Amino acid sequence: MDAPEPAKEPLFTKLLRYVVVTCFLLFALPMLGAFVGYLYIPSPEWMELTRTAALIGGACGSALILLAVATSPDSMNYAYADPKTALFVAIVPFLGFAMGHIIVTMGVPMAGALVAGSHVERIYTVASMARSKKCWNSIELIEPPFQADQLCGYSSELRDSLWPRDRVAISGRGWKWGLIASDVRKIK
């Protein structure tokens, strides 16, 4: 007796799976890079250029994650009157928005910098050197967006030599839309 043939997966489902995996990788790329010590700093020009696209990406991310929750096989078993479930359903769109926004503002240009980038250097202005819980020797910058405005892991002597409004040159692998910081030096 032959085993029944597995049902063929529709092309749309396969395509959607690849899109979701690609989006997840583009979302995780900037965070994994920062976690291992390679912060991606998008250029102010990129942030200005993609302001509308980032909002659209955030809205799409929010809609897609809501659709995923609503169409999941377990959605019939959700007790929507339960406060935990209601809180989960209320928070999910904001997480989807953040995910879509990060993909557009940081994930896509970081992938481009990894694939097509070369050694570049950009000039930034120091905002402060305040210590924080997550980084005891941080250098905050003025120009980058809040996700990438704090350099961490550089020497204490570099940090101690800087004052607010000093200029620093950050170099690393990148392109005109941003760079993956690997070296920081003070400009005299």
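**Stop one: a loop lysine**

Select Lys133, which sits in the loop between β2 (118-128) and β3 (139-141); strands are DSSP runs of E, at least two residues, and helices runs of H or I, at least four, numbered from the N terminus. Before going on: this is a predicted model, where local features need pLDDT of at least 70, side-chain atom pairs count only at pLDDT 80 or more, and totals for chains, interfaces and linings use all residues. Residues are numbered from 1 along each chain as its sequence is written, and side-chain values use heavy atoms, with hydrogens and water left out.

Is Lys133 buried or exposed? Lys133 counts as exposed because its relative accessibility is 90% (exposed is over 50%, buried under 20%, partly exposed in between; 1.4 Å probe, protein chains only).

**Stop two: two tryptophans**

Next, pick Trp46 and Trp177. They make a tilted aromatic pair, 5.4 Å centre to centre with 55° between the planes, and the structure holds one such pair. Rings of Phe, Tyr and Trp (its six-membered ring) pair with centres within 6.5 Å; planes under 30 degrees apart are stacked, over 60 edge-to-face, the rest tilted. Trp46 belongs to helix α2 (residues 44-49), while Trp177 is in the loop between β5 (167-175) and β6 (178-186), 131 residues apart. Trp46 is buried, at 12% relative accessible area.

**Last stop: zoom out**

The C-alpha atoms fill a box of roughly 75 × 40 × 35 Å along the principal axes.
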